[in-house]
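I wanted to look up a few side chains here and write down what surrounds them.

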Amino acid sequence: MKLYVGNINFQTTEDDLREAFGAFGTVEDVAVVTDRETGRPRGFAFVTMPDEDAKAAIEGLNGKELDGRTLNVNEARAKT
């Protein structure tokens, strides 16, 4: 399951997210989204985990603080 992780600190790295989400199970992939032109983080990321681990991560991390920002974690929706 792919998770959307919003409101992340611009200094938060993929390794930071891997560590935070790893507490809830296996992290298959982490992608911090960056601006194409500047290369700077845009403040959100996607984390891919097995379904059960992902549900636990949503429960455990949505609304919690990481690097001074309150995370918004939910199931990623396909682009429309």
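Predicted model: local features only at pLDDT ≥ 70, side-chain atom pairs only at ≥ 80, totals over all residues.

Next I ran a ring search over the whole structure, and it returned 3 aromatic pairs. One of them joins Tyr 4 and Phe 46: the ring centres are 6.1 Å apart and the planes meet at 65°, so I noted the pair as edge-to-face. I also checked where the two partners sit in the chain.

Then I moved to Phe 46, which is partly exposed at 25% relative accessibility. Its ring also pairs with Phe 44: the centres are 5.9 Å apart and the planes stand at 90°, so this pair is edge-to-face too. Is Phe 44 buried or exposed? At 17% relative accessibility, Phe 44 counts as buried. My summary for this entry is that ring pairs tie Tyr 4, Phe 44 and Phe 46 into a cluster.

Lys 2 lies over the face of Phe 46, 5.3 Å from the ring centre.

**Entry 1: the nonpolar core.** Which residues touch the most other members of the largest nonpolar core? I found Val 5, Leu 17, Phe 21 and Met 49, out of 18 residues in that core. At least two core residues come from each of S1, helix H1 (14–22), strand S2 (29–34), S3 and helix H2 (51–61).

Leaving out residues up to four places away in sequence, Phe 21 touches Leu 3, Val 5, Val 27, Val 47, Met 49, Ala 57, Leu 61 and Val 73.

**Entry 2: Asn 9.** My last stop was the loop between S1 and H1, where Asn 9 lies. With a relative accessible area of 17%, Asn 9 is buried. What does its side chain reach? I found the backbone oxygen of Asp 67 at 2.7 Å. A polar atom of the Asn 9 side chain also lies 2.7 Å from the backbone nitrogen of Gln 11. Not counting residues up to four places away in sequence, Asn 9 touches Asp 67 and Arg 69.

Terms used: Residues numbered from 1 in each chain as written. Heavy atoms only, no water. Phe/Tyr/Trp six-rings, centres within 6.5 Å; stacked < 30°, edge-to-face > 60°. Buried < 20%, exposed > 50% of the residue type's maximum accessible area, 1.4 Å probe, protein only. Lys NZ or Arg CZ within 6 Å of the ring centre and 35° of its normal. Core = buried A, V, L, I, M, F, W, Y, C linked by side-chain atoms within 4.5 Å. Helix = DSSP H or I, 4+ residues; strand = E, 2+ residues; numbered from the N terminus. Contact = heavy atoms within 4.5 Å. Polar contact = N/O pair within 3.5 Å; in protein donor to acceptor, adjacent residues only side chain to side chain.
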